[in-house]
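Here is a short note on the model below.

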Amino acid sequence: LVVSGASISGLALGPLVPLLLDTYGWRGALLLLAAISFNLVAAGALLRPLPVPSESPGPPRDQAGLVRLLRHGPFLRYALAFVLVDAGYYVPFVHGA
């Protein structure tokens, strides 16, 4: 299920990008693609490490939550992988038209 999202969006963007280019021009199409991609920020905000059972469920007292998240190795590798994938994922759709 996780990997199927990229395939489904790839199938949807194939006919969608030429339609956006014809309707809004290349600047408008890129803005709309950026807005669609920006919605992934909410999903990315959910990717945080689970609390250790010995810790209290409240907010951490010693470090800010974001700083703690940015020091979590698995999260950093996961986020870096998606940055690298997204850097080249939309290139064929945008420049192919």
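1. A search of the whole structure, which is a predicted model, finds 1 aromatic pair. The rings of Tyr-78 and Phe-82 have centres 4.9 Å apart and planes at 65°, so the pair is edge-to-face. Rings of Phe, Tyr and Trp (its six-membered ring) pair if their centres lie within 6.5 Å; planes under 30 degrees apart count as stacked, over 60 as edge-to-face and the rest as tilted.

2. Because they are 4 residues apart in helix α4, about one helical turn separates Tyr-78 and Phe-82. Helices (H or I, at least four residues) and strands (E, at least two) are DSSP runs, numbered from the N terminus.

3. Buried means under 20% relative accessible area, exposed over 50%, and partly exposed in between (1.4 Å probe, protein chains only). Of the 97 residues of the protein, 9% count as buried.

4. Leu-47, Tyr-78 and Phe-82 form a nonpolar patch on the surface, with about 260 Å² of accessible area together. Patches consist of residues with over 30% relative accessible area and no salt bridge; like charges are joined within 9 Å, nonpolar side chains (Val, Leu, Ile, Met, Phe, Trp, Tyr) within 5 Å. Areas come from the Shrake-Rupley method with a 1.4 Å probe, and for residues only the protein chains shown count as cover. A salt bridge is a side-chain nitrogen of Lys or Arg within 4 Å of a carboxyl oxygen of Asp or Glu. The C-alpha atoms of Tyr-78 and Leu-47 are separated by 9.2 Å, with the residues 31 apart along the chain.

5. The secondary structure comes to 5 helices and 0 strands. Over residues 24-47 the chain is 88% helix and 0% strand, with the end C-alpha atoms 34 Å apart.

6. The protein averages a pLDDT (the predictor's confidence in each residue, from 0 to 100) of 77, and 74% of the residues score at least 70. Confidence is lowest in helix α5 (residues 91-96), at a mean of 64, and highest in helix α1 (residues 4-38), at 85.

7. On conventions: local features need pLDDT of at least 70 and side-chain atom pairs count only at pLDDT 80 or more, while totals for chains, interfaces and linings use all residues. Residues are numbered from 1 along each chain as its sequence is written, and side-chain values use heavy atoms, with hydrogens and water left out.
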